[in-house]
Amino acid sequence: MAPSQLRREVSVWGSYMWGFSDVGADIFAGLGLVTVAAQGAAPIAFALAGLVYILIGLAYTELASAYPVAGGGQYFATRGLGDLWGFITGSALLLDYTIDIALFAVSSTGYLNALIAFFSGVDLTAVKVPFLGLHVQVIWLLEALALIVALMWINIRGMRESNLFNQVVGVATMVIKMVILLLGFVTVWSPGLFGLQLVHQMPSLNQFMYGSSLAIISFVGLESISQAAQETRHPSRILPRSTLTLIFTIFITSIAYAVLANGTLPWHAFAGHEQDSVTLLARRMPFIGTIAAPLTAAMGTAILAISANSGVMSVSRLTYSMSHHHLLSGWFDYVDPRRFTPARTILFFSGIGLVWTLVAFATPSVMDTLGNMYAFGATLGYVVVFLALVALRRKEPEVPRPFLVPVNLRLRNREGRTYLFPVLGAVGFVGVLVVLFEVLYTHAVGRIFGPVWVLGWLAYFAYYRKRSGLGLRTLPRDWVKEQKEILASAEEYQMLAQYEQAVAVAANGRLEQAEGAER
Amino acid sequence: MSFLEEHLAGILIALAIGLLTTLNFVWMSRVPRPIPRALAEAEGRVGGSRRIVVFLDPYRPEPSAVAVAHRLAAATEAEIVLAALVRIPFTRSLSVPPAQQETIERGLLAELAEGLRSLELRPATRVVPSRQYWDGAKEFARRLGADIAVIGVGEESAFERGEVLEGLLRELPLVGCEVIIIRPRATERSREQQEAEVL
């Protein structure tokens, strides 16, 4: 895809829905996992992960509105920290998107099975076939694989239709999610049960660490908004509003769902229902439960399928950015001339999603295995994004930032120019680092496969750069020219004027400094 | 226990969540309008100003021109120079300016600058002699590297003549200087007064 082919037509609602279709579905997959792991302290686990998520969200809001291009965290890291860090972030995000495809396809078909069970009484997830000493849920596996193949087909045929589908189902899911939540509090939530579990059902420290690190997966997906930044109209005005609204609504609904879950059912009721936890919750509602449960299952199926689809869509934007910056081979940049879709990327990375699905079903807990990997990729990517935030503030203080992460210290960089050091960015960095430590400490799968994935891609990076004669060092790039082109293409004329002026002032300052030194 | 009593806490939580979320969506949907390109560019040009020159007729200075320059300078941290444009007739030599006249002009400028101390403004002052106002203004703006020229067209000032204003508007942009013309407010002279003058 050439940059000109990414047309700016995403509105404020489109931008919000783009993020919501990814992060909004996370609670459908994460609620059961976190409640079983963190038990009575699940709302605390969600709140702690949510605070880290808010800081991540603020960093993304600043960076995506200042650099409205495809690539997200990988682009920020490449620009702020250099090619190697950009590639590491890119590989972590590639892991996330491929896991995203697998996890949400598995979860979506999990809700589908709950829907089938509701009407027919047959639990398809119970159909198991022995394999290497394990009992593989073969029908569920085949359903998940079929969904991924279907998404590959849809995306290779054309994205416009799938984008519209995303928005329609996204809105319906958002409404139903809110209705279930509010009616749940009004009809079935018991403060007594909630308090009892909070006081007497506390997990061990290890379990809590595991739960809170899994809770971060309920907030993964903000990256999607910045992936779509290159297609958003007037990004300096739209992105801060859509991102901040997404941060707030997801934070509040995720914690509210955790509170609702622990005030409605004992935590152990969710064991074995990790894949359809919200349906379990909806079923408890008096009178409306008979309608709400299948409706939730249907919506869970749809929104999680969309989430899997957004993984397919976002991975193509990420690889476009990576190959544009010579971090990946141009082979991944191929666009089908008939359908104008990045067919190779879709086939390759969705193919990896199929492999993850097969691997996950060969482990004792499908959802847990995928959740482990998802948490690793997300936290590693976020750690580098925080570093990129600090580096870009220091390196490029002249870039206009429509939104600034609050609480800053005024410092001077090497050239003597003043920049604002983001204190909350540093706090967020430490927070994500703690979550990454939790992931590595408590997640056996994530601890091994996550670093292996990154190292494997690093080996590819070294091979590709050496073969292309580019070397491993950061390639020289004219970021000023690129920034001007980005702002002009985004029709951000005010920012462009501010940027040109700031660049001229900085150049003048450097000239005066050099003249002073000569004298 | 009634339903309301039993579920009061839940109802309150539901109301709070609903209200906060609705307010959030209302805020999101009210996206500020983008600024048109021309306006953004004009803002950019003014915003990047480092030197603002105020051209005045020393005998008929227009104080509001200085006030406008002061506001612009406050917003952009630019320095202000007050320049008195003085026309030297062709019958006299440019290289030998009439000392007495220049002293008067300098005095008038210094007086004006002194009056600006209340605004905590200490502008540099210059007398710019030339054959034609616009030639002197252009050359001075070029040497100074002025980004903006504010021209105060005071009542009965030398700049009131059409050809002078036209010349200034034509020549100053050639050296990359934006021109802002400031006229006295119509309210300063009553309509009756103006009509009486015309009659």
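These are my notebook entries on what I looked up in this predicted model.

**Entry: chain A as a whole**

I began with chain A and looked up its make-up, which is 19 helices and 4 strands. Along its principal axes, the C-alpha trace spans about 85 × 50 × 40 Å. Next I wanted to know how its radius of gyration fits a compact globule. With 519 residues, such a globule would have a radius of gyration near 24 Å, and chain A has 23 Å, so the two agree.

How much of chain A is buried? I found that buried residues make up 58% of the 519 residues. I also looked at contacts between residues at least 6 apart in sequence, and 82% of these join residues at least 24 apart.

**Entry: one helix of chain A**

I picked helix α6 of chain A, residues 138–157, to look at by itself. From its first C-alpha to its last, this 20-residue helix reaches 29 Å, close to the 28 Å expected at 1.5 Å a residue. Which residues of α6(A) are buried? My list includes Trp140(A), Leu141(A), Glu143(A), Ala144(A) and Leu147(A). Further along α6(A), Ile148(A), Leu151(A), Met152(A) and Asn155(A) are buried too.

**Entry: the sheet in chain B**

Then I moved to chain B, where 5 strands form an open sheet with parallel pairing. I traced the strand order as β3-β2-β1-β4-β5.

**Entry: pairs of strands**

I followed strand β2(B), residues 79–87, to its parallel partner β3(B), and 7 bridges join them. In this pair I found Ala84(B) opposite Val127(B) of β3(B).

Helix α6 of chain B, residues 133–144, packs on the sheet. I saw that this helix touches β1 (51–56), β2, β3 and β4 (148–152) of chain B. The direction of α6(B) makes about 135° with that of β3(B).

**Entry: from β4 to β5 in chain B**

Last, I turned to β4(B) and β5(B), which pair in the parallel sense over 5 bridges. Which residue in β5(B) is the bridge partner of Gly152(B)? I found Ile182(B) there.

Conventions: Residues numbered from 1 in each chain as written. Chains lettered and ligands numbered in written order. Predicted model: local features only at pLDDT ≥ 70, side-chain atom pairs only at ≥ 80, totals over all residues. Pairing = 2+ DSSP bridges. Helix = DSSP H or I, 4+ residues; strand = E, 2+ residues; numbered from the N terminus. Contact = placed C-beta atoms within 7 Å. Axes fitted to C-alpha atoms, helices over the stretch in contact; angles between N-to-C directions. Expected span 1.5 Å × (residues − 1). Buried ≥ 20, exposed ≤ 12 C-beta atoms within 10 Å, placed from the backbone. Rg over C-alpha atoms; globule rule 2.2 N^0.38 Å.
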